[in-house]
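User: I would like to learn how to read the features of a structure, one at a time. Please give me the general idea and then the case at hand.

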Amino acid sequence: RAASECPTTGTLDDPTCFSDDFSSIDSNWVSVDGDWSWSGGTVDNTNAYGPGDILYMGADYDDGYLEASVSLSDGVQTGLLFRIADMPSAANYYNDAGQMYYCGIENYYYELVICGRMNNAWYELFRYYTTITHGQFYDLGINMDGSDFTVFLNGVAIGSFSDSYYSSGGVGLR
């Protein structure tokens, strides 16, 4: 469901809907890696040395729509983690560890939206080249319908991919 139809605080009372306005730290958000902070409705990873993940614990979603406004302040990538089946503890964390999907924006060698599957390695499933400007917010969304995924940027469908590796799981941010 659209975020506007969801409760405005992190809650799992309705298993078909999740929304968080990030106005305060919800104890169900757990940092796996990175230095995460909440301020003024924004969540920030101030880890300048690489990606970190923050997960909403206890969530188990299958089909639906996930969206967040994301921005790169000075990092390389940021985005959505979904259908998280397994995530190692911070002590065992390394890039692409765990079992889940990821869709994010990137501004490194290329400017693009990229999606893929992590299974203790990276398997790219989708790539869309577009201008990504540091400091600008982008509404990044993913519609999940069984093994079919549609990727949205600023409310516009930019492409799709199919994969049946993970059928449900948690949500998070990178």
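User: How many salt bridges does the structure hold, and what counts as one?

Analyst: A salt bridge is a side-chain nitrogen of Lys or Arg within 4 Å of a carboxyl oxygen of Asp or Glu. The structure holds three. This is a predicted model, in which local features need pLDDT of at least 70 and side-chain atom pairs count only at pLDDT 80 or more, while totals for chains, interfaces and linings use all residues. Residues are numbered from 1 along each chain as its sequence is written, and side-chain values use heavy atoms, with hydrogens and water left out.

User: Which parts does the salt bridge of Asp-63 and Arg-83 tie together?

Analyst: The two side chains meet at 2.9 Å, N to O. Asp-63 lies in the loop between β4 (54-61) and β5, and Arg-83 in strand β6 (residues 77-86), so the pair ties together parts that are 20 residues apart in sequence. Strands here are DSSP runs of E with at least two residues, and helices are runs of H or I with at least four, numbered from the N terminus.

User: What does Asp-163 pair with?

Analyst: Asp-163 forms a salt bridge with Arg-117, and the closest N and O atoms are 2.5 Å apart. Asp-163 is in the loop between β12 and β13 (169-173) and Arg-117 is in strand β8 (residues 111-119), so this pair ties together parts 46 residues apart in sequence. Both Asp-163 and Arg-117 are buried.

User: Which residue forms a salt bridge with Arg-127?

Analyst: That residue is Glu-124, with the closest N and O atoms 2.9 Å apart. Arg-127 is partly exposed at 34% relative accessible area, and Glu-124 is partly exposed at 32%.

User: What is the order of the strands in the open sheet of four?

Analyst: Strands of a sheet pair through backbone hydrogen bonds, either parallel or antiparallel. Two strands count as paired if DSSP finds at least two bridges between them. Here the order is β5-β10-β11-β12, with antiparallel pairing. The edge strands, each pairing on one side only, are β5 (64-70) and β12 (156-162). Between β5 and β10 there are seven bridges, and Glu-67 stands opposite Gly-141 in β10.

User: Where is His-134?

Analyst: His-134 sits in the loop between β9 (122-129) and β10 (138-145). His-134 counts as partly exposed because its relative accessibility is 36%.

User: Which face of strand β2 is covered and which is uncovered?

Analyst: In strand β2 (residues 36-39), Trp-36 and Trp-38 form the covered face, and Ser-37 and Ser-39 the uncovered one. Four bridges join β2 to strand β3 (residues 42-45), and the two run antiparallel.

User: How many helices and strands does the chain have?

Analyst: The chain has zero helices and 13 strands. Of its 174 residues, 44% count as buried.

Note on methods:
Buried means under 20% relative accessible area, exposed over 50%, partly exposed in between (1.4 Å probe, protein chains only).
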